[in-house]
Amino acid sequence: MTPIFPKQADKYFRIGLSLFVLAILSGVSISAYMFSPNRAETGYSPVQPVEYSHKLHAGNLGMDCRYCHSTVEHSGFAAPPTTETCMNCHKMVKPDSPLLQPVRESYASGRPIPWVRVHSLPDYVYFNHAAHVNAGVSCVTCHGRVDQMVQVRQVEPLTMKWCVDCHRDPAPHIRPRELVTKLDWQPDGDPAEIGRRLMAENNIHPPENCSGCHR
Amino acid sequence: MNQTGKQYWRSLEQLSNTPQFSEWLHREFPESAAVLDSSSRRTMLKLMAASFGLAGLTACSRPVEKILPAAKGSEEYTPGKPVFYSTVMPLNGAATGLIVETHEGRPTKIEGNPEHSSSGGACSAFAQASILDLYDPDRARFVTHETRQSSWDEFFAFAKPHFDPTQMGAGEGLRFLSQTVNSPSLDAVREHVLRRYPKARWVEYEPVSRDEELAGSELAFGRRLQAHYRFDRADVVVSLDADFLGLDSPEVRYSRDFSRRRRVASEKDSMNRLYIAESQYSVTGAMADHRFRMRAAEVPDFAADLARELGVLPPALTVLNANSRGKRAAAVARDLKRSRERSIVIAGPRQPAEVHALAHLMNYALGNVGRTVVYTESPFVPQLTALKELAEEMAAGKISTLVILGGNPVYDAPADLEFGAAMKKVAVTIHLSVSQNETSALAKWHLPEAHYLEAWGDARALDGTASIQQPMIRPLYGGKTAAEVLAALTGYKDQRAYDIVRNYWMAKWPARDAESMWRRCLHDGVIPGTQYPLVEPKPGKAPELRPSEAPAGLELAFYPSASVWDGRFANNGWLQETPEPMTKLTWDNAALVSPATAREFGLATGDLINIEVQGRQVPMPVWIQPGHADGAISVALGYGRTRCGRVGDNVGHNAYRIRTTANFHFGSASIQKTGRKYRLASAQEHFAMEGRAPVREATLEEYRKEPHFAAEHKGEAFSIFGDFDYSKGYQWGMVIDLNACIGCNACTVACQAENNIPIVGKDQVARGREMHWIRLDRYYTGPEDDPQAVTQPMNCQQCERAPCESVCPVGATSHSPEGLNDMAYNRCVGTRYCANNCPFKVRRFNFLNYHKGLTETEKMAFNPDVTVRMRGVMEKCTYCVQRIEEKRIQAKLEGRRPIRDGEITPACAQTCPAEAIVFGNINDPNSRVAKLKKLNRNYTLLDELNLKPRTSYLAKLRNPNPELA
């Protein structure tokens, strides 16, 4: 009686099985790496409809963040500026620049400029800019050195772990409230020490329970 | 059993404890097996595999989101912050002053305006839900001409020459039909129109009528007066079939005033006493200390008995008073006499004019007039006779042009007027309404009307207080108001709704102050000095009253629906799904009969019967209502619409088809059984709390003897879980006063609007899957023929030792340091263990992605501060944590000040007309909630489980007359 399977069948099967397992494992780990928020989310830097440079405005010219993002201290939402805000200066400054064509069009027609959102949180997360800025969390903590970016890119993963890490130990990220928009500010001494002092002075207790962020 | 020895029951099935009932009760999610219709397990697995694959693909690229800042900014508006505007909602000749929350230019939530006399900061379920009507995708989107899409231009091209006086003449054949006009500026336009066409006539009609009230005041005083009751000053109230806490009061003021007299702080306090004589069990009946159930036709006899006892009518010649009705009347009359100048006799709008006249005269005799009852000139005119004349003229072919401004007479006019047939005899019919309805289908032209939240207007409350109706958003579908359409047709001096309203009011003020007055009125939501002046009426002779005759067959009475009113809210899913306060029926009306009548006719709940009135028939399912008068049927109007939209079409049965001018309020009817069954979806047995005593109740006398009757003996129980430290910071808690709660459902709808709660539909309600985060449990106690009823609002009790938290395998529900039982919806995987472990049955599971398929306009109604939950997620009340967090952040921004008491109000508490719900920080001994929790009526539910709920209740009290006990 001839065997149904050849002699090496067992060996092929074992090799095949281990290749299969290997393929699955590597697939899972590669995708876990590829799609991990740390990699997939950071570095996101979409092209904007207007070639606006934060480096020029906030860095070289030294404009305060709040000139344009004026709601950041009062509202949960740090709104991008209205076209009017841009035109306050650009009626005088470079009024004919071809780069500003979409801005002038928007100003004339009243149609908004379709900026592309860079920092996006899921809908079930209720992040509030005003609460953070007024507690002394600087723009730079979440958005990085925007004053050095020509085209804004996401530098932090904005994951829940990343948020909660800071909520559990906020001291190194708290600075005097009037310095939150000074992106290049470096404390004299231990930032955590200054943070702890400010937290005690201003009674800062970031929430660690669910409804602090999820409602 | 509870301490006062009463047994509470929710339904007749529970009272008789049928096996079906216990099975229903013992399954946490009844009928949860058959969920996915018609798809097998195998197909489901295939679909799941496919969706996993697709999910993997979509994750490869990040979706591009756009931010669109306004090109031009506005001073008043900060992106991300809501803006609040005052406005007013007209309903049935009354008006409720409102404050509307808008987000990024879209209205999302309605609250009562605290400055407005009719609302006092609260509002009804109707006002709460009206925001959904604004976003109704079935609204009329364009002008329709003979079922063809047309435009405003085409309409005016036809209508302007047609309405030109050279064509129209003096308007012999011109008639206008509208709902009750209580808008001063529309009234001015109407005057202009009627001057232009002196022979034209304007008829007003509402199916929920005030005609008898009006006629009653004419009988009593010889002039048309409007009575205003001051329930906050009355010790004894006698209601003659008046559901003044519920459907017979389109404004919420009476609820607030009445419940102020039921807020008992200690056993030394007094409270008012309410008697009611009625047929259907109303919410006012549930509040009553004595409820005399009788057919509506017997109420005049009771009124006459009472009037004789009070000397308003001459004493009876025969010894009528020997019967039990007479004895009751005598006892009530003695009680009234003891409370001279501090009592009220009020007659309901269904009762004939004579009963109203008697009530007025009794108030006069008791010295109540000018104290608890005040009068103003009535702005209303009799409607039914005018409508009858109009229908006759139309049928006779005398009318050539009929302009119907709002309303739906083809559906809701009395059946014997045959309004639809009469309309076909009119050459030009123009109908203006928010959405196309039964009347639009027969009109030559249909014009889209602007919703009250998107148009300028004004409205007067019943006491005369006028408010500007301020739009929140531009008309979504190019609608116009009635005033605008009339102004365009007749060349009124102003054309835009804004100018019509503004110029009308500006002309009333001195030119120097007019602009600032206008701004002030817009801001406050009230125009000062517009209340009607009080008048002092002179009473006339008492009317003749004949004793009622026993009706041939059964008595049939019509009531507005607690859900859809007269039918105008039929396409509103929130209201359709709100359980009727007493029957707990959703998505249906029914023929309510008493248990004895059901036995007599061999009827069971769910039997389909034919109700016949003068040769007109309508099928109607039976619902056996404990406490209903024997020999009588009650039906709710407003159901059985055939042309209102995808929500309300063919829901329930149309009672207007058997409502005629002769039995407009009640009359006799006969019934035939059809032998068929009809499925009714009632929420009354859902989430029952078997045999425990959730409601604690005593009479005032018992309470005085035993002030701590509500408290249970509490042994020190320990918990195997470590306790949180609740001694510091804010600790949120709630107190619900069962003695003040009137069971009106406003909290349920307010919660639905605030928390983006989905509508599930009749089939899902029948399976026990309604999603309301706060429900109103209604318990009966006493014999099934004549029980008392108690309502109890039930939301998440926020247990300090929450049993739901310890069983969640993924930590989706956990405790906050401020004592809230938090839900992280995005973490929930839907095991439903938490709901299974919740003894209060307040957790709701989203079985079927109920928000699926919403149109873009409906999505505009969502509150952006609350997550819109998906299928497979458990959800529940969080004390409106979004409002807590908003105020906390605001307090931080304002120099890290403490949050003030009363600053945070959950949606249910804010809208409660009875002010029965109080929320606050229990760690602050001066907060209202902490003070209430110290009262001896305070108790928490299910003490024996050692859950320490943060919500506590104040026990219910009744104040019966010892003579009648």
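This is a predicted model: local features need pLDDT of at least 70, side-chain atom pairs count only at pLDDT 80 or more; totals for chains, interfaces and linings use all residues.
Local features need pLDDT of at least 70 and side-chain atom pairs pLDDT 80 or more, while totals for chains, interfaces and linings use all residues. Residues are numbered from 1 along each chain as its sequence is written, and chains are lettered from A and ligands numbered from 1 in the order in which they are written.

User: What distance separates the centres of domain 2 and domain 3 of chain B?

Analyst: Domain bounds come from an automatic or database domain assignment. Domain 2 of chain B spans 211–377 and domain 3 spans 554–680. Taken over C-alpha atoms, their centres are separated by 27 Å.

User: How many residues of domain 2 of chain B are in contact with domain 3 of chain B?

Analyst: Contact means that C-beta atoms, placed from the backbone, lie within 7 Å. On the domain 3 side of chain B, 17 residues take part. On the domain 2 side, the number is 13.

User: Which element gives the largest share of the side of chain B that touches chain A?

Analyst: Here 35 residues of chain B are in contact with 37 residues of chain A. β2 (66–67) and α29 (881–893) of chain B each supply at least two residues of that side. Helices (H or I, at least four residues) and strands (E, at least two) are DSSP runs, numbered from the N terminus. The largest share, six residues, comes from α29(B).

User: Which residue stands opposite A:Trp115 in β2(B)?

Analyst: Strands pair if DSSP finds at least two bridges between them. β1 of chain A (residues 115–116) and β2(B) pair in the antiparallel sense over two bridges. Opposite A:Trp115 stands B:Ile67.

User: Why is helix α8 of chain B largely enclosed by the rest of the structure?

Analyst: A residue is buried if 20 or more other C-beta atoms lie within 10 Å of its own, exposed if 12 or fewer, and partly exposed in between, with C-beta atoms placed from the backbone. Buried residues of α8(B), among them B:Leu214 and B:Phe221, pack against β10 (225–229), β14 (343–347) and α13 (353–365) of chain B. The helix is largely enclosed because the buried residues number eight of the 11.

Note on methods: Two residues are in contact if their C-beta atoms, placed from the backbone, lie within 7 Å.
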